[in-house]
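Have the viewer open as you read.

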Amino acid sequence: MPVRSIALVDCNNFYVSCERVFRPDLQNKPVIVLSNNDGCAVSRSNEAKALGVKMGVPVFQIRDLVKEHGIEVFSSNYVLYADMSNRVMTLLRQFAPDQEIYSIDESFLELTGLPNIAELMQTVREQVKRDTGIPVCVGVGPSKTLAKLANFVAKRHPKSKGVFNFNTLTSQQMSSVLRNIPTEEVWGIGRKLTAALNDMGIVNVLQLRDADVPSLRKRFGVVMEKTIRELRGEACIEFEDVTPSKQQIINSRSFGNMVTELADLEDALSHFVSNAAKKLRDQNSVANMLQIFILTNRFRQDQEQYSPHLAIPLITPTANTMTLQKYALQGLKVIFRAGYHYKKAGVILSDISNASVYQADMFASVPEKPELMQTLDRINQRYGKGTLKLSLDGSRHSWKMRQENKSPEYTTNWNELPVCD
DNA sequence: TCTCCGATTAGAC
DNA sequence: CTAACGGTCTAATCGGAGA
């Protein structure tokens with residue numbers, strides 16, 4: 001049996017890189033991309049990182065820095081990023097017998113048994129860059145956790161030329177690399193666990209790898225045990241080549257402006273239900289439970305807070321937008337209180353099962369018309385999202401999110417292509 | 001006492 | 001002009017309710 005080789009391919013500063021593909025003038029300039037509603041910085045170019053822009057910092061806190069250094073600021077353009085991601089993932093798939101798409105900008109590849117891995121991974125980098133414009137780095141190891149860690153090394157050390165492979169190291173080299181990586185860089189070790197481990201004197205990855213498993217498991221649980229075993233080279237987090245269907249679908253948004261009117265919340269919730277139900281139908285599922293919530297702004301200490309939540313069990317499991325909207329709006333009337341400034345609302349579809357399996361409720365009084373939903377989805381598929389909507393769906397503007405610096409949808413929308421002279 | 005549930009926590013990106 | 005801090009998702013764990 002050859003040693004297990006798993007690669008983790010990760011796009012560099014993905015959202016920023018997507019923007020740069022269509023704005024080559026922004027190469028070597030500080031650039032950031034913001035979260036929804038233009039809230040926080042969620043992607044930063046290396047130049048922006050060097051200026052001290054931290055991951056997740058609210059933009060209003062770095063206003064001076066942005067101005068002083070001319071940092072280029074973009075609202076997030078998910079249509080563009082999703083399309084660029086597809087292009088990258090499609091290319092990557094051709095290099096390995098198995099692929100797991102882990103996130104919008106990361107993919108695991110199964111390389112076990114393939115010859116010349118170092119060379120192959122350089123080819124991957126060159127081809128992805130050439131064909132999509134996106135720079136990527138590759139980490140390779142005997143487990144997913146080590147592959148991710150190798151990727152971290154590849155990103156941080158220019159000497160690695162974008163590829164780092166733990167499987168080619170001697171055990172001394174391995175130890176010395178791990179000793180120089182702080183614990184918090186390990187996949188699965190977040191803020192809380194880092195603090196707890198540091199308190200115990202475990203500050204680098206080598207110490208974590210060689211720590212006593214039974215006592216750490218007792219204190220922190222199974223996940224910690226798996227992490228340590230993965231660091232020792234034992235693959236215990238399986239490769240998931242088929243994406244499992246979602247157990248819960250959430251659609252929620254912060255509003256661009258405070259909302260006080262019931263009618264605006266109705267409009268927003270109808271819109272969220274419509275998005276969530278579409279996702280549910282796309283995975284051929286039905287939901288047994290609908291939950292709705294509305295929230296005031298938790299950062300405004302000077303304002304009265306009110307954040308109710310309502311769970312609505314459905315008599316018959318459904319994916320029908322109209323049925324779900326009806327219940328959502330009934331529920332909203334129950335929890336809505338006038339006089340508050342609402343900042344966010346959302347819906348959750350849960351208790352999800354497969355649509356083809358469920359038994360129709362013989363006592364349901366109003367028969368549903370699933371064909372209507374299919375037709376709606378098909379028309380929107382052919383002519384573009386939002387071509388056809390139900391009447392209760394996002395027509396009021398007041399709650400819509402802020403997006404003041406969004407780039408064009410270069411790759412998916414003719415109408416947004418910049419005009420050339 | 002066991003099991004099932006919802007709520008809470010932690011983490012990832 | 002002012003106010004301004006994201007959105008989904010999963011898994012583990014815990015405590016209470018009910019069997």
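## Cysteines

The sulfur of Cys137 sits 9.8 Å from the closest cysteine sulfur, in Cys11, so that's too far for a bond. For a pair to count as a disulfide, the two cysteine sulfur atoms have to be within 2.5 Å. Search the whole structure and you get 0 disulfides. Cys11 is in no disulfide either, and its nearest cysteine sulfur, that of Cys18, is 7.4 Å away.

How buried are the two? Cys11 is buried at 3% relative accessible area, and Cys137 is buried at 5%. Here buried means under 20% relative accessible area, exposed means over 50%, and partly exposed is anything in between, using a 1.4 Å probe and protein chains only.

## Ground rules

This is a predicted model: local features need pLDDT of at least 70, side-chain atom pairs count only at pLDDT 80 or more, and totals for chains, interfaces and linings use all residues. Residues are numbered from 1 along each chain as its sequence is written, chains are lettered from A and ligands numbered from 1 in the order in which they are written, and side-chain values use heavy atoms, with hydrogens and water left out.

## Two helices packing

Helix H10 (residues 213-220) packs against helix H11 (residues 222-231) at an angle of about 145 degrees, and their axes are 7 Å apart. The axes are lines fitted to C-alpha atoms, for helices over the stretch in contact, with angles running from 0 to 180 degrees between N-to-C directions. Helices (H or I, at least four residues) and strands (E, at least two) are DSSP runs, numbered from the N terminus.

Which residues in H10 and H11 meet? On the H10 side they are Val213, Leu216, Arg217 and Phe220, and on the H11 side Val222, Met224, Glu225 and Ile228. Sorted by type, the contact of H10 with H11 has 6 nonpolar residues, no polar ones and 2 charged. In that scheme Ala, Val, Leu, Ile, Met, Phe, Trp, Tyr, Cys and Pro are nonpolar, Asp, Glu, Lys and Arg are charged, and the others, Gly among them, are polar. Contact means heavy atoms within 4.5 Å.

## Positive phi

Lys161 has a phi near 55 degrees, a positive value in a residue other than glycine. You'll find Lys161 in the loop between helix H6 (144-156) and strand E8 (163-165), and at 60% relative accessibility it counts as exposed. Asp351 isn't a glycine either, yet has a positive phi of about 55 degrees; Asp351 is in strand E12 (residues 342-354).

## Two partly exposed spots

Glu184 lies in the loop between helix H7 (171-179) and helix H8 (191-199) and is partly exposed at 43% relative accessible area. Leaving aside residues up to four places away in sequence, Glu184 touches Ile189 and Thr194.

Gln207 is in helix H9 (residues 205-209) and, at 33% relative accessibility, counts as partly exposed. With the residues up to four places away in sequence again left out, Gln207 touches Gly201 and Ile202.

## The whole chain

Chain A has 14 helices and 12 strands, and 46% of its 421 residues count as buried. Its C-alpha atoms fill a box of roughly 70 × 60 × 50 Å along the principal axes.
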